[in-house]
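Please examine the sequence and the structure before reading the solutions.

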Amino acid sequence: MEATTMADLDPRMSPAQRFGRELVRCRKEKGLSQARLAERLGCSPSLIGHIETGNRKPQLDFAEGCDRAFGLSESKRFVRLYRQVAESPSGPEWFLRWQEEIEPRAVTLRTWDPLLIPGLLQTEEYARAVFRGHLATSEREVEEQVRARMQRSLILDRDDPPVLWVLIDEWVLRRPIGRPEIMREQFAHLAAIASRRHVTVQFVPFDNPCTDGLMSGFAIAEMADAPTTVSVESAGTGEVSADAEVVSVIVGRYDTIRAQAYRPGESLELIKEAVGLWTQST
């Protein structure tokens, strides 16, 4: 049986990073430079470099070439690693980095969502309705995105879940996403989550005069072994950054928005009222 490598065991690594780490290990074990390996694979040294750092995803022919170059055609180690990459959640690179590298390591998460229930707290049907709203998305892609979103939410059920502080715009309580029964189920779920000891959910009044929250949704992750990192999302783009200046701006916005929010107990009552409202609509 083939030996297990550290790349196999490190849960913080994305599939692309695991592929890259194993590529570096095998290349150095064979005494090959990036340029020499590139010659054998018929590609550029820069491509080798990007794949080794996880910045580019390998293709199947590249993985097959690696197995041949390193004498692993029988075990197909790199083809198997490629399949993990191919089956990993799709999405923008900046968000995949947040989803796979940052969020699972957070000890504290703070989020602001002006338009929707945050992804970590969505039910399966609510998430499905959100993704189906993108008319260019195929049903297969919708289901892949739903599975990935449900997988993300598992961090809240760990023995050591992150402390979660959630700010949501009050309009989200009334914004229909899918059928009324989907909304009723979503807010019943949110009420249950908001009652957990490590979760605080607060709604921000719809007539809030503060405009800082209108620019974008964002999240702040505090980690034990890395600098505080933020994820900022706006229409068509997004960014993950640990730059101190960017983090300071986002934390400042979060504090400003939270100063206008309802208290947690008041917010929980709003959620329960929303359950009743959407029950009457079914």
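A search of the whole of this predicted model finds 5 aromatic pairs.

**Exercise 1.** Classify the pair formed by the rings of Trp171 and Phe206, and state which parts of the chain it ties together.

*Solution.* The ring centres are 5.0 Å apart and the planes stand at 45 degrees. Planes under 30 degrees apart would count as stacked and those over 60 as edge-to-face, so the pair is tilted. Trp171 lies in the loop between strand S2 (163-169) and H10, whereas Phe206 lies in the loop between S3 and strand S4 (217-223). The pair therefore ties together parts that are 35 residues apart in sequence. As to accessibility, Trp171 is partly exposed at 43%, and Phe206 is partly exposed at 48%.

**Exercise 2.** Classify the pair formed by the rings of Phe218 and Tyr254, and describe its setting.

*Solution.* Here the centres are separated by 6.4 Å and the planes by 65 degrees, so the pair is edge-to-face. Phe218 belongs to strand S4 and Tyr254 to helix H11 (residues 244-258); the pair thus links distant parts of the chain, 36 residues apart. Both Phe218 and Tyr254 are buried.

**Exercise 3.** Is Arg197 buried or exposed, and where is it found?

*Solution.* Arg197 has a relative accessible area of 84%. The cut-off for exposed is over 50%, so Arg197 is exposed. Arg197 is found in the loop between helix H10 (180-194) and strand S3 (199-204).

Definitions and conventions: Residues numbered from 1 in each chain as written. Predicted model: local features only at pLDDT ≥ 70, side-chain atom pairs only at ≥ 80, totals over all residues. Heavy atoms only, no water. Helix = DSSP H or I, 4+ residues; strand = E, 2+ residues; numbered from the N terminus. Buried < 20%, exposed > 50% of the residue type's maximum accessible area, 1.4 Å probe, protein only. Phe/Tyr/Trp six-rings, centres within 6.5 Å; stacked < 30°, edge-to-face > 60°.
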